[in-house]
Amino acid sequence: MREFKYVITDPEGIHARPAGELVKAAKAFTCSVKLSKDGKAGDCKKIFGIMGLGVKKGNEVILTFDGDDEDAAYEAVSKFMQENL
């Protein structure tokens, strides 16, 4: 299992457009990808799982990757977060 911590810098937080792109990025892999904030976690392969967390600018999120291709997913999704959120 791999873990990536990130503080959101987008002024609007995680809103619909980047959440949809994050789902697309996570679905490219077979491993489990979870996004958690303040002890609550959502499945990154489901847009409502991400949007339901209400992530705002300045919030720290933790992404966890668990499964066969977790290393590749870690690289791709963490890069997406840094470039877009």
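Predicted model: local features only at pLDDT ≥ 70, side-chain atom pairs only at ≥ 80, totals over all residues.
Which residues are buried in H1?

Helix H1 runs over residues 16-27, twelve residues in total. From its first C-alpha to its last it reaches 16 Å, close to the 16 Å expected at 1.5 Å a residue. The buried residues in H1 are Pro-18, Ala-19, Leu-22, Val-23, Ala-25 and Ala-26. They sit on the same side of H1, because the arc they cover around the axis is only 165 degrees. As background, an α-helix has 3.6 residues a turn, so residues three or four places apart point the same way. The other side of H1 has Arg-17, Lys-24 and Lys-27, which are exposed.

What covers the buried residues of H1? The cover includes strand S2 (32-37), helix H2 (47-51) and helix H3 (70-84).

Now the rings. The structure holds three aromatic pairs. One of them is Phe-4 with Tyr-6: the ring centres are 6.0 Å apart and the planes are at 15 degrees, so this pair is stacked. Phe-4 is buried, at 8% relative accessible area, and Tyr-6 is buried too, at 12%.

Another pair is Phe-65 with Tyr-74. Here the centres are 5.7 Å apart and the planes are at 75 degrees, so the pair is edge-to-face. Phe-65 is buried with a relative accessible area of 0%, and Tyr-74 is buried with 15%.

Ring pairs link these residues, Phe-4, Tyr-6, Phe-65 and Tyr-74, into a cluster. Tyr-74 has one further neighbour to mention: the charged end of Arg-2 sits over the Tyr-74 ring, 3.7 Å from the ring centre.

Terms used: Residues numbered from 1 in each chain as written. Heavy atoms only, no water. Phe/Tyr/Trp six-rings, centres within 6.5 Å; stacked < 30°, edge-to-face > 60°. Buried < 20%, exposed > 50% of the residue type's maximum accessible area, 1.4 Å probe, protein only. Lys NZ or Arg CZ within 6 Å of the ring centre and 35° of its normal. Helix = DSSP H or I, 4+ residues; strand = E, 2+ residues; numbered from the N terminus. Expected span 1.5 Å × (residues − 1). Arc of directions from axis to C-beta. Contact = heavy atoms within 4.5 Å.
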